[in-house]
Amino acid sequence: MTTMNMHTIPNCSPKRAHYDAIIIGARCAGASTALLLSRAGLKVLAIERRPYGSDTLSTHALMRPAVLQLSRWGLLKPLIDAGTPLIEATTFHYGDEEITIPLRAGPDLPGLIAPRRTVLDRILVDAARKAGAEFLHDTAVADLFADTQGRVRGVEIRAAGGAPLRVSADIVVGADGIGSLVARSCDAQVLQRGTVSAAHVYGYAPVEPGAGYHWYFREGIAGSFIPTNEGLACIVASVPTTLFDERFRGNHEQARMDVLAALSPALAVQASRAAKDCRLQVFRGVPGFLRHAYGPGWALVGDAGFFRDPITSHGISDALRDAEALAHAILDGSEAALEAYQQERNLIASQVLDTTDAVAGFDWTLGDIGEKHRRFSAVMKAEVQALTEREMPIHGVAFSRLLQGRPAAHRQPASQVKPPAAGGSSTHRNRMGIGP
Ligand SMILES: Cc1cc2nc3c(=O)[nH]c(=O)nc-3n(C[C@H](O)[C@H](O)[C@H](O)COP(=O)(O)OP(=O)(O)OC[C@H]3O[C@@H](n4cnc5c(N)ncnc54)[C@H](O)[C@@H]3O)c2cc1C
């Protein structure tokens with residue numbers, strides 16, 4: 001059985017004893033999945049250990065696939081209304097050479113956006129709540145529980161010093177990030193491993209309105225300039241993890257400034273305009289991975305199932321794309337649909353991982369980095385094409401299909417509102433070690 005030290009106490013109790021779906025983690029993957037399932041009529045509980053509207057370790061440049069998804073979910077306008085600037089051009093700086101690519105705008109895509117996570121994650125949660133999803137923030141899931149056949153049946157929330165609280169569901173979705181409890185508890189097999197990792201150190205500085213994305217590359221180092229909310233730009237220095245360990249430890253500020261100055265003196269000047277109390281955020285790097293995406297009673301979405309280095313700014317696009325595909329599969333309810341979700345995800349994720357590692361490995365030259373970007377761009381183009389051909393999960397899909405093929409004992413409609421149970425003995429530890 002996996003256990004966690006609990007530092008957070010549930011701020012309120014779930015309203016039901018049983019849900020159609022419980023989602024662990026309520027950021028871009030979890031809140032999006034909750035939104036789409038709730039809009040289709042399912043009873044959904046999302047549990048997040050961090051506060052509502054909190055920030056997280058992530059820059060937030062959205063690529064075309066993420067913006068298209070948000071647009072068709074009706075969330076692009078609220079994001080723009082929240083003061084997120086539209087980005088109409090991307091400039092690649094290869095050494096001293098500059099290549100500016102204007103955005104091909106369309107009705108669903110007036111520009112790219114890079115909303116702060118405090119804005120994006122909150123708007124996703126608000127939309128899901130409006131659609132009927134229930135959220136528990138400041139609340140951590142301590143464990144999963146399973147039946148004697150090993151099928152995951154729900155989650156255990158344990159308050160410090162208090163009795164564990166069990167809530168059951170037809171499916172438990174791990175949208176719980178890189179260190180996913182669901183992946184660990186269910187022994188989700190790693191299908192593909194990345195080969196490299198890069199460190200990213202970022203902070204915020206004021207920017208003039210109308211700025212675009214800027215991506216900087218010189219041998220062995222890279223940087224980004226990402227205009228965002230509140231008149232600020234996120235300015236990132238990126239280096240191989242090995243270089244970070246040698247040069248950054250102990251003095252992130254100076255080491256980041258040195259990298260920015262080497263990339264572009266103007267970028268370093270821009271970064272030096274940061275407010276005095278602006279704290280840098282530091283990510284040392286983690287090699288990418290692609291995990292098995294589902295099993296009996298559980299599924300993974302977002303970084304929990306697929307992580308790629310942030311250097312190609314594609315994690316949020318991956319999370320939104322896979323949230324929609326997983327929602328389709330859950331609404332279908334068959335194992336074949338979950339397998340199709342996994343296959344569809346793997347097809348694109350594997351290419352995203354390979355083409356991202358080709359950039360994050362820093363073994364390119366200024367002569368061939370452009371070609372690596374073109375390969376990544378071709379993958380994104382195919383991804384956008386597949387997204388536009390995909391139908392949205394719709395309201396009214398027969399939820400009874402979700403229950404097909406499951407044991408009669410499992411058919412506990414979520415509409416029967418019962419108070420959640422304190423941790424009991426009616427389920428048993430399964431062979432994977434999940435249980436009370
Ligand atoms: C430095 C950095 C820069 C990045 N820059 C970009 C970028 O520019 N563009 C882009 O598209 N992507 C970027 N990414 C990637 C992006 O941040 C992730 O892909 C994205 O956050 C994944 O979303 P998620 O919802 O799957 O996971 P997360 O955002 O990690 O959310 C998981 C949530 O689960 C919660 N949780 C975990 N365990 C439990 C538990 N037991 N109980 C309750 N809650 C739990 C956590 O509190 C967390 O809030 C970056 C990542 C990093 C690290």
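Here are my entries, in the order I looked things up.

**Entry 1: before starting.** I remind myself that this is a predicted model.

Entry 2: I began with an open sheet of 7 strands and traced its order as 4-3-11-12-13-10-14, with mixed pairing. At its edges I found strand 4 (97-102) and strand 14 (281-283), each pairing on one side only.

Strand 12 (residues 221-227) and strand 13 (residues 232-240) run antiparallel, and I noted 6 bridges joining them. Which residue in strand 13 is the bridge partner of I226? I found C234 there.

Entry 3: I then turned to another open sheet, where 3 strands lie in the order 9-15-18 with antiparallel pairing. Strand 9 (190-193) and strand 18 (306-307) are at the edges with a single partner strand each, so one side of each has no neighbour in the sheet. Between strand 9 and strand 15 (residues 289-291) I noted 3 bridges, in the antiparallel sense. Looking across that pair, I saw Q192 opposite L290 in strand 15.

What packs on this sheet? I found helix 10 (residues 335-360), which touches strand 9, strand 15 and strand 18. The direction of helix 10 makes about 165° with that of strand 15.

**Entry 4: two helices side by side.** Two packed helices are described by the angle between their axes and the distance between the axes. For helix 2 (residues 64-72) and helix 11 (residues 369-389) I wrote down axes that come within 9 Å and cross at roughly 15°. That angle makes helix 2 roughly parallel to helix 11. The crossing of helix 2 past helix 11 is right-handed.

I listed who meets whom: R64, P65, L68 and Q69 come from helix 2, while M380, E383, V384 and L387 come from helix 11. Sorted by class, this contact has 5 nonpolar, 1 polar and 2 charged residues.

**Entry 5: around the ligand.** How many residues surround the ligand? I noted 35, the closest being G25, S58, G177, G302 and G315. Helix 1 (28-39) and helix 9 (315-332) are the elements that give two or more residues to this shell. Helix 9 supplies the largest share, 4 residues. By class, I divided the shell into 16 nonpolar, 13 polar and 6 charged residues.

Key. Residues are numbered from 1 along each chain as its sequence is written. This is a predicted model: local features need pLDDT of at least 70, side-chain atom pairs count only at pLDDT 80 or more; totals for chains, interfaces and linings use all residues. Two strands pair if DSSP finds at least two bridges between them. A residue is near a molecule or strand if its C-beta atom, placed from the backbone, lies within 6 Å of it. Ala, Val, Leu, Ile, Met, Phe, Trp, Tyr, Cys and Pro count as nonpolar, Asp, Glu, Lys and Arg as charged, and the others, Gly among them, as polar. Axes are lines fitted to C-alpha atoms, for helices over the stretch in contact, and angles run from 0 to 180 degrees between N-to-C directions. Angles under 35 degrees count as roughly parallel, over 145 as roughly antiparallel, 65 to 115 as roughly perpendicular and the rest as oblique. A crossing is left-handed if the near helix is turned anticlockwise from the far one by less than a right angle, and right-handed if clockwise. Two residues are in contact if their C-beta atoms, placed from the backbone, lie within 7 Å.
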